[in-house]
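Subject: Handover of a structure and the findings from it

Dear colleague,

Please find below the structure that I am handing over to you.

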Amino acid sequence: MPKVLIASLFLFFAAIIPGIDFAALDLRMLQTFSLDEAAFATQVRKMVDTGSLAVDGFTYGALYPYLGYFLASIYGIFASVTDTAIIVILRLTSVAAAIGTAVYVYKTANRVYGQNISEWTPALLLSTPLIFRWTLQIHPDLLQLFFITASLYHITAVARELDLREIILGALFAGLAMGTKYGGTFLIPTIGLSILLGAPGGLKESFTHRRVWIFGVTAAITFTAAFCLSNPYLISNFDRF
């Protein structure tokens, strides 16, 4: 990894960490500053206390609180899972998502524009006030952004040349974006178009190739599996969705 990219990620992390425990004494204090953050943290608190995967509603996908519950459970092996721990874990999830997004933005820019330009793209992204703000928020937006950015990176590779690994990764991340905040829905046409563009002979002859249909079915299965496995409670209560 280039030095500029590493420096950008380090400086971003160093700038974010001091605010990671803001209003994190307990859920009541958090609720005073942000009802949305308190709602997500309370959901994870319930999961930790009861061991249930039930969610309060389907406004968002369940992957974000499930990930918080999974990480909190691992933390619980070593220490007590306090409200503060849950709040910090969920915010660190956003930090990791922001860094992951920056890495994929770099990889995409490097593919399109080359090394000289791409190594500065993470610095530009991570220095924006919008990214900085949402990194310190308990909210699924940045996690969804990471999955969408990762999916687009792998999908665009398929548009150049059909590659089974790339289409699986692209569909997987799209399914996870769908399971986070339903944004993966908008990637479905993009996945289909990338398969058609990557087929030998171009768009006109793409429907005649067997590999196109295999890739299409593989992408559909991967996308559906990623969404269903990341939202088991929604699937088991689909009539309430």
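This is a predicted model: local features need pLDDT of at least 70, side-chain atom pairs count only at pLDDT 80 or more; totals for chains, interfaces and linings use all residues.

Does A14 count as buried, partly exposed or exposed, and at what relative accessibility? A14 counts as partly exposed, because its relative accessibility is 41%; buried means under 20% relative accessible area, exposed means over 50%, and partly exposed lies in between, with a 1.4 Å probe and protein chains only. The residue lies in helix α1, which covers residues 3–16.

Residues are numbered from 1 along each chain as its sequence is written, and side-chain values use heavy atoms, with hydrogens and water left out.

The chain as a whole

The chain has 13 helices and zero strands; here helices (H or I, at least four residues) and strands (E, at least two) are DSSP runs, numbered from the N terminus. Read from the N terminus, the order of elements is therefore α-α-α-α-α-α-α-α-α-α-α-α-α. The C-alpha atoms fill a box of roughly 60 × 50 × 30 Å along the principal axes. For 241 residues, a compact globule would have a radius of gyration near 18 Å, and the 20 Å of the chain agrees with this. That radius is taken over C-alpha atoms, and the globule rule is 2.2 Å times the number of residues to the power 0.38.

Of the 241 residues, 46% count as buried. Among contacts (heavy atoms within 4.5 Å) between residues at least 6 apart in sequence, 70% join residues at least 24 apart.

Two helix pairs

Two packed helices are described by the angle between their axes and the distance between the axes. Axes are lines fitted to C-alpha atoms, for helices over the stretch in contact, and angles run from 0 to 180 degrees between N-to-C directions.

Helix α9 (residues 141–160) and helix α10 (residues 164–181) have axes that come within 8 Å and cross at roughly 160°. The two helices are therefore roughly antiparallel to each other; angles under 35 degrees count as roughly parallel, over 145 as roughly antiparallel, 65 to 115 as roughly perpendicular and the rest as oblique. The crossing of α9 past α10 is left-handed, a term used if the near helix is turned anticlockwise from the far one by less than a right angle, with right-handed used if clockwise. Residues making the contact include F146, F147 and I148 of α9 and L169, G170 and F173 of α10. The residues of this contact divide into 14 nonpolar, five polar and three charged. In this scheme Ala, Val, Leu, Ile, Met, Phe, Trp, Tyr, Cys and Pro count as nonpolar, Asp, Glu, Lys and Arg as charged, and the others, Gly among them, as polar.

For helix α3 (residues 35–50) and helix α4 (residues 63–78), the axes come within 9 Å and cross at roughly 50°. This angle makes α3 oblique to α4. Helix α3 passes α4 in a right-handed crossing. The contact is made by F40, Q43, V44, M47 and V48 of α3 together with Y64, P65, Y66, G68, Y69 and A72 of α4. By class, nine of these residues are nonpolar, two are polar and none is charged.

Individual residues

G51 lies in the loop between α3 and α4 and is partly exposed, at 43% relative accessible area. Leaving out residues up to four places away in sequence, G51 touches K46 and Y69.

Most residues other than glycine have a negative phi, and most peptide bonds are trans. A23, in the loop between α1 and α2 (27–33), has a positive phi near 55°. A23 is buried, with a relative accessible area of 8%. Y182, in the loop between α10 and α11 (188–198), has a positive phi near 65°. Y182 is buried as well, at 15%.

Lastly, S94 lies in helix α5 (residues 83–113) and is buried, with a relative accessible area of 2%. Not counting residues up to four places away in sequence, S94 touches Y64, W134, T135, Q137, H139 and L142.
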